[in-house]
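Biologist: Before we open the file, could you take me through how such features are read, giving the general idea and then the case at hand?

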Amino acid sequence: MFRIILFLVLIALAAAGAAWVADQPGDVVISWGVWRASPSVPVFVLVLGLTIVAVVFAWSLLRGLWGAPKRMRRRRHEKRQARGRQAITHGLLAIGQGDGHAARCHADIAKRLTTDDPLALLLHAQSAQLDGDRAGAHRAFQAMAERGDTRLLGLRGLFIEAQRSDDPVAAVTIAEEALKLSPASTWASQAVLGFRCAQSDWTGALKILDNNFASGLIDRAAFRRQRGVLLTARALELETQDRDLSRDSVTEAIKLAPTLVPAAVLASRFQSEAHQTRRAMKIIETAWLAQPHPDLADAYAHVKLGDSARQRLVRVETLASKAPGHIEGALAIARAAIDAAEFTRARETLAPFTTDSTQRVAMLMAEIERTEHGDSGRARAWTLRAVRALHDPVWTADGYVSDRWRPVSPVTGRIDAFQWQTPLAALPSDRASTIETEILRETVLAPPPAVPKPVVPVPTEVTPSAPAQDLAAEPEVPAQPEPVADATSEPAEAPPLPKPAPAPPPLFRDRSDIASAVKPAVAIPAVIPIVRPPDDPGVDEADDYRDEFAELNAGQQQGGWRGFLRRWGG
């Protein structure tokens with residue numbers, strides 16, 4: 001609306017100006033040498049305007065002709081760039097589809113048409129990776145790393161290629177260079193942190209972790225937990241080398257992660273050595289409420305140096321009461337009770353867990369049987385049961401089972417990956433995984449069974465000369481079981497039997513592995529007669545019965561039209 005009003009205003013001003021010029025009286029005299037002109041004012045203004053328009057048009061035409069080659073070059077360049085971008089687009093789509101040949105063709109076209117486009121370099125590198133050309137991919141990523149706009153992307157590609165080539169030195173060097181270039185780079189920080197942890201450089205890993213937290217890559221809760229894990233790892237490594245630094249590290253770690261089991265155990269040990277018993281017990285109790293663990297129970301039992309076995313038992317019972325019904329508390333009490341020679345207490349504690357016992361429960365029961373009564377048979381039975389019993393929880397991370405806690409997973413390099421849990425391979429399945437105590441007692445403790453004496457069977461043979469009627473009417477003789485040879489039994493001595501005369505092989509012989517049936521009261525005849533029911537008319541067996549098919553088959557049956565006429569007329 002504003003533009004329309006402005007246009008109308010301009011038209012009105014132009015009309016008013018033209019009317020004003022037309023109303024002006026007088027002439028304009030132009031003298032140039034012998035040439036003289038004296039037009040009126042309106043005519044002069046009109047000629048002047050046309051002259052200005054002609055000059056502007058001529059200047060524009062000359063300028064267009066002068067810049068035509070440059071515009072043609074620019075248009076040709078833009079056309080090549082458009083074709084190159086189209087090739088890059090189709091190449092990236094081919095890479096997403098997994099078509100290596102098409103991706104390589106589009107990469108060659110894009111490289112020929114676009115020389116400075118970073119996407120062309122990326123397409124060339126990814127197509128080389130898809131074809132397995134590591135040398136070509138390395139050259140492409142190296143070219144990207146030399147450019148300022150794609151330097152970080154090129155370093156990322158070189159880092160991946162170094163990992164594929166199993167070159168950790170080059171990989172960590174590239175990651176460190178990328179981290180200097182961009183401290184907020186997630187992959188570079190994680191890679192450098194993983195390498196520091198793999199080299200047990202816990203101080204360097206702590207610096208990288210602080211940088212990640214300052215860059216906002218991790219939240220506060222994860223930062224506190226991971227820092228506590230790294231401090232615990234450094235404290236465990238320096239426990240026998242630099243005890244002061246180890247004590248300071250574990251003290252800070254227990255503040256950041258109070259439920260971390262290794263940190264709680266080590267911190268309670270340092271507190272116990274400093275005669276800070278209450279503080280050590282409080283540290284262990286806090287971690288025990290979050291995750292009962294046998295190391296916590298052992299540290300709690302020995303929190304006071306020089307205590308007797310009964311005093312340790314009382315202390316362990318106090319700790320187990322804070323998590324009632326947990327198997328770790330029962331195992332800790334049983335262990336302390338065995339050390340204190342309280343075998344009845346140990347049995348009562350393990351009784352609820354003996355039905356589906358784990359390996360530790362079975363081994364403790366075997367130790368009770370062997371220590372209390374010296375019963376090696378029952379101890380051996382419980383030991384055999386422990387072989388097939390359920391596994392106890394262990395330190396597990398990404399399917400890897402370790403006998404001790406580790407700060408980093410050896411599979412993925414993830415910090416704080418180890419958890420105290422039952423491994424997946426030890427979970428119950430459809431097959432039976434335990435051996436019952438009663439079966440063990442029968443197989444291990446029971447005396448060997450008596451071996452029966454061998455019985456000599458009485459040979460019964462039927463000669464082929466016997467008629468079938470006698471075979472049917474003759475009473476059956478029950479088959480005697482054949483003697484089973486036993487390697488542990490000695491053959492019974494029997495008087496020698498006279499050698500019978502050779503006879504033809506029998507037609508029928510009783511099987512010794514199948515018990516003979518009871519002989520029926522009425523003998524079944526060998527041939528069962530066919531009895532016709534009263535309402536069955538039967539088959540007409542008159543003398544005048546004639547079978548045309550039998551007659552036809554008596555001679556040679558003719559075919560074709562002659563056979564048809566014969567059958568029709570017959």
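The dialogue below goes from confidence to the sheet, the cores, the cysteines and the backbone angles.

Biologist: What average pLDDT does the chain have, and where is the pLDDT below 50?

Modeller: This is a predicted model, and the chain averages a pLDDT of 77, with 74% of the residues scoring at least 70. Over residues 513-522 the pLDDT is below 50, and this stretch has 4 contacts in the model beyond near neighbours in sequence. Residues 539-545 also stay under 50, and for them the model has 1 contact beyond four places in sequence.

Biologist: In which order do the strands of the open sheet lie?

Modeller: As a general idea, strands of a sheet pair through backbone hydrogen bonds, either parallel or antiparallel. Here 3 strands form an open sheet in the order β4-β3-β5, with antiparallel pairing. The edge strands, each pairing on one side only, are β4 (400-402) and β5 (419-421), and neighbouring strands of this sheet are turned by 45° against each other on average, when direction is ignored.

Biologist: Which residues touch the most other members of the largest nonpolar core?

Modeller: The general expectation is that, in soluble globular proteins, nonpolar side chains tend to be buried together. In this model the largest nonpolar core has 92 residues, of which Phe-159, Cys-197, Leu-230 and Leu-296 touch the most other members. Leaving aside neighbours within four places in sequence, the contacts of Phe-159 include Ala-171, Ile-174, Trp-187 and Phe-195. A second, separate core of 10 residues includes Ala-87, Ile-88, Ala-110 and Ala-120.

Biologist: Is Ser-189 buried or exposed?

Modeller: Ser-189 counts as buried because its relative accessibility is 0%, where the cut-off for buried is under 20%. Ser-189 is found in helix α9, residues 186-198, and, not counting residues up to four places away in sequence, Ser-189 touches Leu-179, Ile-208, Asn-212 and Leu-217.

Biologist: How many disulfides does a search of the whole structure find?

Modeller: A disulfide, in general, is a covalent bond between the sulfur atoms of two cysteines. The search of the whole structure finds 0 disulfides. As for accessibility, Cys-105 is partly exposed, with a relative accessible area of 33%, whereas Cys-197 is buried, with a relative accessible area of 5%.

Biologist: Where is Ser-200 found, and what is its phi?

Modeller: The background is that most residues other than glycine have a negative phi. Phi of Ser-200, however, is near 60°, a positive value, and Ser-200 is found in the loop between α9 and α10 (202-214). Ser-200 is partly exposed, with a relative accessible area of 35%.

Biologist: How many residues lie between β3 and β4 in the hairpin, and which residue in the turn has a positive phi?

Modeller: The hairpin formed by β3 and β4 has 2 residues between the strands, and Asp-398 in the turn has a positive phi of about 55°. At 37% relative accessibility, Asp-398 counts as partly exposed.

How values were computed. Residues numbered from 1 in each chain as written. Predicted model: local features only at pLDDT ≥ 70, side-chain atom pairs only at ≥ 80, totals over all residues. Heavy atoms only, no water. pLDDT = per-residue confidence, 0-100. Contact = heavy atoms within 4.5 Å. Disulfide = S-S within 2.5 Å. Buried < 20%, exposed > 50% of the residue type's maximum accessible area, 1.4 Å probe, protein only. Pairing = 2+ DSSP bridges. Helix = DSSP H or I, 4+ residues; strand = E, 2+ residues; numbered from the N terminus. Axes fitted to C-alpha atoms, helices over the stretch in contact; angles between N-to-C directions. Core = buried A, V, L, I, M, F, W, Y, C linked by side-chain atoms within 4.5 Å.
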